Amino acid sequence: MTEKNLIRVYTGATSEKRIDIIIKNYTKFIGIVDGYTDGLRYMIECEKESSHRQAAGDLGVRVQTGGMTSDPTARKAINNVITREALINCDFSGNVLDGVDQAQVYIRDAYILRNMRKDYNLFNSQLGILGTEKETFTKYLLKEKTISDIAEDQGITYESARQQMQKIKVRMKKQVKRFMDGQPGGIA
């Protein structure tokens with residue numbers, strides 16, 4: 001599944017399917033979300049730059065006025081950070097989207113990415129329910145250990161190790177789904 005398709009599928013998925021997507025793509029999931037966030041930031045900054053040049057009638061010559069020194073590189077870096085933080089937090093107050101024609105599209109995409117990030121963070125926080133199995137399962141998710149490795153480490157059969165990982169996945173899915181679906185009583 002390509003990254004674009006992953007986001008499209010994720011957007012329309014049930015909580016259970018979203019958890020499956022996180023598990024299957026655990027090693028690259030947050031990288032995909034961050035990559036798309038940076039892509040949105042890039043498109044916003046390019047659109048703002050283009051709008052600013054058009055409004056100023058840019059002839060390609062920069063004229064400094066007022067005796068104030070300007071540092072366009074620092075200003076651009078600061079704007080990039082502000083825009084990225086706005087996308088991550090979905091806080092579009094101020095002038096973050098000024099000069100952007102597709103603001104509603106960017107806002108919608110930012111909310112999708114924020115929800116993906118929240119789901120991923122929820123999943124990670126719930127790994128604590130695994131106790132002593134957490135380390136093994138995390139290494140399995142990170143593809144640092146295969147089922148064969150786990151079987152060998154624990155002195156069990158491949159099938160037993162596969163069943164163990166499957167039981168952990170089911171337990172994690174049940175725990176995370178409970179919170180995603182807003183079901184109270186997840187503690188007892």
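What is the volume of the second largest pocket? In this predicted model, local features need pLDDT of at least 70 and side-chain atom pairs count only at pLDDT 80 or more, while totals for chains, interfaces and linings use all residues. Residues are numbered from 1 along each chain as its sequence is written, and side-chain values use heavy atoms, with hydrogens and water left out.

The second largest pocket has a volume of about 230 Å³, a pocket being an open set of points on a 1 Å grid over the protein atoms alone, where a 1.4 Å probe fits, with protein on both sides within 12 Å along at least five of seven lines, and a volume being the space filled by probe spheres set on the points, which are joined across faces, edges and corners. Of its 12 lining residues, Ile7, Tyr36, Leu40, Asp109 and Leu113 are the closest to the centre, where lining requires an atom within 4 Å of a point. At least two residues of this lining come from each of helix 1 (3-11), helix 3 and helix 5 (103-126), helices being DSSP runs of H or I of at least four residues, numbered from the N terminus.

Helix 3 (residues 26-56) also holds tyrosine 42, which is exposed at a relative accessible area of 52%, exposed meaning over 50% and buried under 20% with a 1.4 Å probe and protein chains only. The C-alpha atoms of tyrosine 42 and arginine 84, 42 residues apart along the chain, are separated by 9.0 Å. Over the chain, which has 8 helices and 0 strands (E, at least two residues), buried residues account for 34% of the 188 residues.
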